[in-house]
Amino acid sequence: MYLEKINSPSDIKNYSLDEMKELAKEMRTALLKKLSVHGGHCGPNFGMVEATIALHYVFNSPVDKFVFDVSHQTYPHKMLTGRAYGFLDENRYDDITGYSCPEESEHDFFTVGHTSTSVSLACGLAKARDLKGGKENIIAIIGDGSLSGGEALEGLDVAAELDSNFIIVVNDNDMSIAENHGGMYKNLKLLRDTDGKAECNFFKSMGLDYVFVKDGNDLTSLINAFESVKDTDKPVVVHMVTQKGKGFALAEKNKEDWHWCMPFDIKTGKPKFNFDGEDYSSVTRDYLLDKMKMDKNVIAITSATPAVFGFDEETRKLAGKQFVDVGIAEETAVALASGIAAGGGKPVYPVYSTFLQRTFDQLSQDLCINNNAATLVVFAASVYGMNDVTHLGIYDIPMMSNIPNLVYLSPTTKEEYLAMLDWSVDQNEHPVAIRIPCCEFISNSEKITKDFGKLNKYEIKQQGSDVAFIGLGTFYPLAERAAKLYEQKTGVKATVINPYYITGVDDELLNSLKSNHKTVVTLEDGILDGGFGEKIASFYGDSDVKVLNFGLKKEFLDRYNPADILKENHLTEEQIVDDVLALN
């Protein structure tokens, strides 16, 4: 084998073309094995094998610096930079992250997991090099899907004025996670169709030199192209056309499905874990399709992640003009939703919590100042959500709940969610966000009669005394369990409250607790600092009621076990009750 002998990129400098081709086969074999066992980003990495070999063959990493966009295509890079063990030894699969990571290797310069950042980050490296009088090559690697993000376009704009060595490798596989959307992609298609010779050239119009590689999976073509731009004295784009999923037939054929994968059977491609039945993605999909049929003003928006709410290719066709994909451009998605609402439409924007971090300005300025009635559906906002440090979804409550005019709701069941969603879509008074529960899909067939338009009215689900447990969203079942345990230990039935509203305080209900409650306990599935519980603590600040806030401390977590994090933060019913008893 070649791969198992590679400890650094310098090991391939003397490889023949045939040896590099054999290396590419070994890399794909290792990728397939690991992904089938571990899961991860499939299509992007299969498509980047030859390009990664060629980059390391021509350039001198880490002196020459590679900055990968979003890190979806870094697995081959890791294989060639001393981390092949993370793909060859099943016992060490978890020793490396799925993203670029400076703590792992001197060949990685940034921890990156959100898209469209590589050009701007690499521009910074280039500027720092120029200030110090350095001569190394700076190379940004970005996919065509990532080009739709505003930061990528801003980076290209800045790059044109660097007037020094700066290489942008555009990996064009004619795909984002799903298909690409937007006018830019018409020009990319024109460039592909004309072998880069079309007079209309997006990159040249930005003031960048341009090199086209027709077959970005051909080692000879890639090596020639990279050698032609090595040590350049001006910004240049190498536009290479690759095949997403190259070498893995299922990923080549079904590019969207195989962008990312769970563990699967290599022979059949079928996932090893079945998730049959309803979940909040399928419930959202079914609701929206039914609502669209009844009301042509309802429109679903996505920022390149339609699968988050079950909108696969067939569903998107059914929705037709009532579905819009803005590409990887979350800021535009929020602003577009505000504009649609202002024009009398009924926009619904389902999105992963981690990506909403990019939209604070649009949430505040474009949506909430204008008080337009758009609906945001926030997925994976939980300790049980994505657990890579770059994709954490636990910061949304402090970020969003303090924006005026926004109504942020937190259901605990399918029935509550659908009632909130239906109210939000049809009302015209507030921008609304709904925080999808995580971990457990609860459906109890309960008929929801609550009027969510009467804002900030909590509901007492169990009347008691002494202690009140307020469980927000995902953590409402934890509040029920803690109350039950408290009663078992003390003989006193505690009050249990479902607050529903993240953004407001029920003054009347909270005041009523003062008469026969000594302690109020809040439970929230997110960061405590600036969160829901602090609002309750502030309310009781001048009273004799003691408040205990349970949630997550402010920190960057990475590849964690949720059970461990919950225990560290005293988020088990036993710890909660012990803390309450210790307080009283």
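Reply: Strand β11, residues 375–379, runs parallel to strand β13, and four bridges join the two. The model is a predicted one. Within this pairing, Val378 has Arg435 of β13 as its bridge partner.

Strand β13 itself covers residues 432–435, and both of its faces are covered. Val432 and Ile434 lie on one side, Ala433 and Arg435 on the other, and these four are all buried. In general, the side chains of a regular strand alternate between the two faces of the sheet.

Strand β6 can be described in the same terms. Seven of the seven residues of β6, residues 235–241, are buried, so the strand is largely enclosed by the rest of the structure. On one side are Pro235, Val237, His239 and Val241, and on the other Val236, Val238 and Met240. Two strands pair with β6. Strand β4, residues 166–172, runs parallel to β6 and is joined to it by seven bridges, with Ile167 opposite Val236. Strand β5, residues 209–213, pairs with β6 over five bridges, also in the parallel sense, and here Val213 stands opposite Met240. Val236 and Met240, which face Ile167 and Val213 in these pairings, are on one side of β6 together with Val238.

A further sheet has five strands. It is open, its order is β14-β16-β15-β17-β18, and its pairing is mixed. The edges are β14 (459–462) and β18 (546–552); each has a single partner strand, so one side of each is left without a neighbour in the sheet. On average, neighbouring strands of this sheet are turned by 25° against each other, direction ignored. Inside the order, strand β15, residues 466–471, and strand β16, residues 495–498, pair in the parallel sense over three bridges. Ile470 stands opposite Ile497 in β16. Helix α19, residues 476–490, packs on the sheet and touches β14, β15, β16 and β17 (517–527). The direction of α19 makes about 160° with that of β15.

The axes of α14 (residues 330–342) and α16 (residues 360–368) come within 9 Å and cross at roughly 15°. Angles under 35 degrees count as roughly parallel, and α14 and α16 are therefore roughly parallel to each other. Their crossing is right-handed. On the α14 side the contact involves Glu331, Val334, Ala335 and Ser338, which meet Gln362, Leu363, Asp366 and Leu367 in α16. By class, this contact has four nonpolar, two polar and two charged residues.

One residue of that contact can be followed further. Ser338 is placed in helix α14, and at 4% relative accessibility Ser338 counts as buried. Leaving out residues up to four places away in sequence, Ser338 touches Asp366, Leu367 and Asn372. Asp366 and Leu367 are among the α16 residues in the helix contact.

How values were computed. Residues numbered from 1 in each chain as written. Predicted model: local features only at pLDDT ≥ 70, side-chain atom pairs only at ≥ 80, totals over all residues. Heavy atoms only, no water. Axes fitted to C-alpha atoms, helices over the stretch in contact; angles between N-to-C directions. Parallel < 35°, antiparallel > 145°, perpendicular 65-115°, else oblique. Left-handed = near helix turned anticlockwise from the far one by under 90°. Contact = heavy atoms within 4.5 Å. Nonpolar A, V, L, I, M, F, W, Y, C, P; charged D, E, K, R; others polar. Buried < 20%, exposed > 50% of the residue type's maximum accessible area, 1.4 Å probe, protein only. Pairing = 2+ DSSP bridges.
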